[in-house]
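Please prepare a short briefing on the protein shown below.

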Amino acid sequence: MAGEWAQVDYSIYHTKDQVFEEVEQLVAANPKIMRLDEVVAPEERTPSTPAYASPLKVVTVEPGGLSNNHNKKLRLLLNYGEHGRELITVEVALRLLASLADPGPALARSVQRGHSPHLLKHLLHSSVFKIVPMENEVGRAAVERGQLCERKNGRSVDTNRNWEVHWGFKEKDYDPKEEFPGTRPFSEPETAAMLRVAQHFKPHVWMNAHSGMEALFMPYDHMAHIPEGTAALATQDVLQQLNNISCGGRCAVGSGGKSVGYLAHGTATDYMYERLGVPLSFTWEIYGDTKAHFNDCFRMFNPVTQAQFDEVVGNWTDAVFAHRVWH
Ligand SMILES: [Zn+2]
């Protein structure tokens, strides 16, 4: 049977090394608006902690020109590739970086959807993006060695269960192979570095890209309801518009905990919303083949044809250019 499972087609997908080569080339070609940093959070190590490192590569994009003061700008923190097997999300990050370097075509598509070109340009120039193209580099390397179902990091931790909101709480169907939350909140270098970025950057928008289904999730992941108040209503409104723009109206929209049918504890989106007060916090689940066999992981989480690949990558790049996301 295993011979029938879909494999990664590297004539369509980038390898991990190619991803970072392309990122470095884009940043080098656009030094006035882009910068690449490696973020490492100081680690609390005990002698029994095995050595493990995974610096977080973060691309800062400031279309109005790189500056040191982001106080008056709209700040967006966008995360891709948190789960190794979800290769398609990393491809969206690459396309997004290319689109931010040359925003003409994406802006033109946004204008076609009825947005004012002047407003869009103004918004773009008043924004600063921090984009993590591949949070989970070690997990991704395992996928490229043939472990196509690998989702966790290099220490078998699901970093999207490693955040300090309702951390470690286990549902009846808890599966440590899929969602081991680590030994304590922020035990993982990927999570600790992301926290550091968020604490310094103070984003207005947090977006965590995943695949496996088509859905647009807002808080809460750990409870089966949405928060009260205007920020939650605004988030819901943005997600409904994105559903039409990028998801063909097929996406489930609502709180992760309610819409997905299972509760998730210790997620980044809940932490960003609840602890850091990020007003627009959401998870975009951008693609899924829910009919795929559960062992056919590449197919379940990623488009297998060039046409589907182009459609998903294009749609979810354009989602970032939907001007409602920028308000
Ligand atoms: Zn995921």
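Cys149 is partly exposed, because its relative accessibility is 32%; buried means under 20% relative accessible area, exposed over 50%, and partly exposed in between, with a 1.4 Å probe and protein chains only. Its partner in a disulfide is Cys297, which counts as buried because its relative accessibility is 4%. The model is predicted: local features need pLDDT of at least 70, side-chain atom pairs count only at pLDDT 80 or more, and totals for chains, interfaces and linings use all residues. Residues are numbered from 1 along each chain as its sequence is written, and side-chain values use heavy atoms, with hydrogens and water left out.

**Disulfides**

- A disulfide is a covalent bond between the sulfur atoms of two cysteines; here the term is applied to a pair of cysteine sulfur atoms within 2.5 Å.
- A search of the whole structure finds two disulfides.
- In the pair Cys149 and Cys297, the sulfur atoms are 2.0 Å apart.
- The torsion about the S-S bond of Cys149 and Cys297 is about 95°, so this disulfide is right-handed.
- Cys149 lies in the loop between helix H5 (137-144) and helix H6 (176-179), and Cys297 lies in helix H11 (residues 297-301), so the pair ties together parts that are 148 residues apart in sequence.
- Helices (H or I, at least four residues) and strands (E, at least two) are DSSP runs, numbered from the N terminus.
- Cys247 and Cys251 form a disulfide as well, with sulfur atoms 2.0 Å apart.
- The link of Cys247 and Cys251 is right-handed, with 80° about the S-S bond, and both cysteines are buried.
- When the bonded cysteines of the chain are numbered in sequence order, the pairing is 1-4, 2-3.

- The buried residues of H1 are Lys16, Val19, Phe20, Val23, Leu26 and Val27.
- Seen down the axis of H1, these residues fall within an arc of 120°, so they line one face of the helix; the arc is that of the directions from the helix axis to the C-beta atoms.
- An α-helix has 3.6 residues a turn, so residues three or four places apart point the same way.
- Asp17, Gln25, Ala28 and Ala29 are exposed on the face of H1 turned away from its buried side.
- The cover over the buried residues of H1 includes strand E1 (34-39), strand E2 (56-61), helix H2 (87-101) and H5, judged by contact, meaning heavy atoms within 4.5 Å.
- Asn30 is placed in the loop between H1 and E1, and counts as buried because its relative accessibility is 18%.

- H2 is largely enclosed by the rest of the structure, because 12 of its 15 residues are buried.
- A nonpolar core is a set of buried Ala, Val, Leu, Ile, Met, Phe, Trp, Tyr and Cys residues joined through side-chain atoms within 4.5 Å.
- The largest nonpolar core has 61 residues, and those with the most contacts inside it are Leu78, Tyr80, Phe129, Ile131, Leu242, Trp284 and Trp316.
- H2 gives the most to this core, with nine residues.
- Apart from this core lies another, of 20 residues, among them Val39, Val197, Phe201 and Ala268.
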